[in-house]
Each structure stands twice: as structure tokens, then as C-alpha cells.
Amino acid sequence: MKVILILLLSCVHFAASNAGFEADGDLTVSNGTEPIPVVLWHGMGDICCNPLSMGSIKRQIERKVPGIYVYSIMVGDNIIEDFLNGFIMNVNEQVAQICEKIQNDSRLANGYHGMGFSQGGQFLRAVAQRCPSPPMRNLITFGGQHQGVYGVPHCNPDNFTVCEYVREAATAVLYDPKVQKFSTQAEYWHDSNNPIIYDELNVFLADINNELKVNEDYKTNLLKLWNFVMVQFTEDTMVIPKESEWFAFYENGQ
């Protein structure tokens with residue numbers, strides 16, 4: 001938890017010096033009247049307001065930066081929907097919904113910092129690329145799968161041969177167009193052994209990574225960030241390969 005806060009506040013402080021804002025001794029940053037807000041997007045299996053995860057992070061930031069507005073994203077209208085939508089809602093629809101919520105929140109009108117956790121990392125990056133208004137100032141992702149995953153949690157093919165067969169079988173299911181329409185995790189499944197199938201059938205990740213065609217708006221909007229910090233968990237066995245958290249991945253055919 002302390003590492004997360006140090007990263008956020010350090011990024012805020014650096015952004016302040018670059019943007020001409022003033023930072024006080026507690027590293028709070030003002031846009032003239034109040035601290036720049038923070039938007040959080042939770043990971044798979046979590047919810048916006050879990051007091052032991054997102055709720056705790058929200059409280060820590062609020063204690064450290066007095067007066068700051070922290071918006072923890074809820075996908076849907078209640079915490080049950082929020083939990084389920086992390087598994088069975090099309091990611092493009094999720095991003096569109098959150099873009100609308102951010103745009104309709106007057107407290108975010110002058111910009112905000114983004115913090116994404118696990119899959120919430122690449123989802124917030126999609127917000128930055130697709131929805132530049134209001135502007136995201138800084139983006140920090142913790143364990144985000146920016147190049148997707150090619151393996152099931154705790155089953156690394158480099159360590160267990162059976163895991164290679166598992167991920168081959170998973171591709172046959174996850175790239176089914178019907179599954180791509182609703183399965184959140186299927187939409188960042190990245191089969192490096194079948195790059196053409198990935199490009200043709202993946203409905204989310206291939207687009208935001210500019211692998212289908214170059215979307216200059218995505219590039220331009222991402223470059224508007226003051227800072228983009230990607231945190232990799234060095235002992236991560238959930239994300240395969242964990243290097244995806246730093247935007248690296250397997251070579252094609254690997």
C-alpha cells in the first residue's frame with residue numbers, strides 16, 4: 001500500500017513541476033483551487049468499494065492529500081453488477097460507459113490522475129486513448145496486462161508442459177466470436193502462436209494497441225499524459241507473461 005501511494009504522489013509532484021503548478025510539503029498538487037482528482041479502476045474479481053482493497057486505497061489517498069476527490073469506478077449500477085461485469089461484460093462497452101461517467105462528473109472536468117489495477121490498468125489506458133476530454137494527467141498501472149495474457153493463472157508453460165495444452169485449448173474457446181462479445185478476459189487473450197487469428201478475432205486489445213491499423217488519435221491522446229508509469233509485480237504468477245505489465249510480450253510463434 002505504501003509503495004502505491006509513494007508512486008502516485010511522486011508522479012503528482014513531478015507533474016506539478018512540469019505543468020507550473022505548486023506542490024506543498026505533502027506533495028499535494030493544486031490546479032488553482034483544489035488538488036487534481038484521482039480515478040481508480042479495480043481489477044478482476046474486485047469491486048469499486050471493497051473496504052479491504054479499493055476502499056482502503058481511496059481512504060489512504062484522501063488522508064494523504066486533504067481535500068482531494070477520489071472516484072473509484074463502478075461498472076454498472078451497483079456492486080453486484082460491478083463484480084459480474086469484471087467477467088462478463090464487453091470491454092469496449094465498459095470503457096464507453098466509464099468515459100460517459102467521467103465526462104458527466106463535474107468534479108473531473110479539469111482533469112484527473114488515473115490509477116488502474118490489474119485489468120483496470122489497460123482499461124484506463126483505453127479511456128486515455130479514446131476519451132481525451134476531460135484530460136487524464138498521469139496514468140499509473142499496477143500489474144496491468146498491456147499486451148494481454150497468453151496463459152491461465154498459475155499455469156506457466158515454461159514450467160509445466162500441460163499448461164501449453166491448456167492455453168491452446170483456451171484459444172479455441174476464447175476467440176469464438178460469441179465469447180468475444182461478452183467475456184472480459186477473452187478480449188485481452190493474446191495468442192502469440194496465432195497472431196493472424198488474434199488480429200482478426202480479438203475485439204479490444206488489438207485495437208487499443210494499434211495492431212489492426214494505426215489510429216493516430218490513440219497515439220496523440222496517449223502522448224498527452226504527463227507521465228505513464230507501469231508497475232510490474234516481479235513474482236506475479238497470475239499474469240502470463242508478467243512482462244506484459246511492462247508492455248512486453250512473447251515473440252510471435254513463442
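Trainee: Why is the crossing of α4 and α5 called right-handed?

Mentor: Happy to start there, and do keep in mind that this is a predicted model. A crossing counts as right-handed if the near helix is turned clockwise from the far one by less than a right angle. The axes of α4 (residues 91–103) and α5 (residues 119–130) cross at roughly 65° and come within 10 Å. The α4 and α5 crossing is assigned as right-handed.

Trainee: What makes the contact between the two helices?

Mentor: From α4 come Val 91, Asn 92, Gln 94, Val 95, Cys 99 and Ile 102, while α5 brings Phe 123, Ala 126, Val 127 and Arg 130. Contact here means heavy atoms within 4.5 Å.

Trainee: Let's turn to Leu 84. Why does Leu 84 count as partly exposed?

Mentor: Buried means under 20% relative accessible area and exposed means over 50%. Leu 84 has 40% relative accessibility, so Leu 84 counts as partly exposed. Leu 84 is found in helix α3, which covers residues 79–88.

Trainee: What makes the nonpolar surface patch of about 560 Å²?

Mentor: Leu 84 again, together with Ile 79, Ile 80, Phe 83, Ile 88 and Phe 182. Patch residues need over 30% relative accessible area, and Leu 84 is at 40%.

Trainee: And how much of the protein chain counts as buried?

Mentor: Of its 254 residues, 50% do. The accessible surface of the chain comes to about 12,100 Å², with 57% belonging to carbon and sulfur atoms.

Trainee: Which secondary structure does the protein chain have?

Mentor: The chain has 10 helices and 5 strands.

Terms used. Residues are numbered from 1 along each chain as its sequence is written. This is a predicted model: local features need pLDDT of at least 70, side-chain atom pairs count only at pLDDT 80 or more; totals for chains, interfaces and linings use all residues. Side-chain values use heavy atoms; hydrogens and water are left out. Patches are made of residues with over 30% relative accessible area and no salt bridge: like charges are joined within 9 Å, nonpolar side chains (Val, Leu, Ile, Met, Phe, Trp, Tyr) within 5 Å. Accessible areas come from the Shrake-Rupley method with a 1.4 Å probe; for residues, only the protein chains shown count as cover. A salt bridge is a side-chain nitrogen of Lys or Arg within 4 Å of a carboxyl oxygen of Asp or Glu. Helices (H or I, at least four residues) and strands (E, at least two) are DSSP runs, numbered from the N terminus. Buried means under 20% relative accessible area, exposed over 50%, partly exposed in between (1.4 Å probe, protein chains only). Axes are lines fitted to C-alpha atoms, for helices over the stretch in contact, and angles run from 0 to 180 degrees between N-to-C directions.
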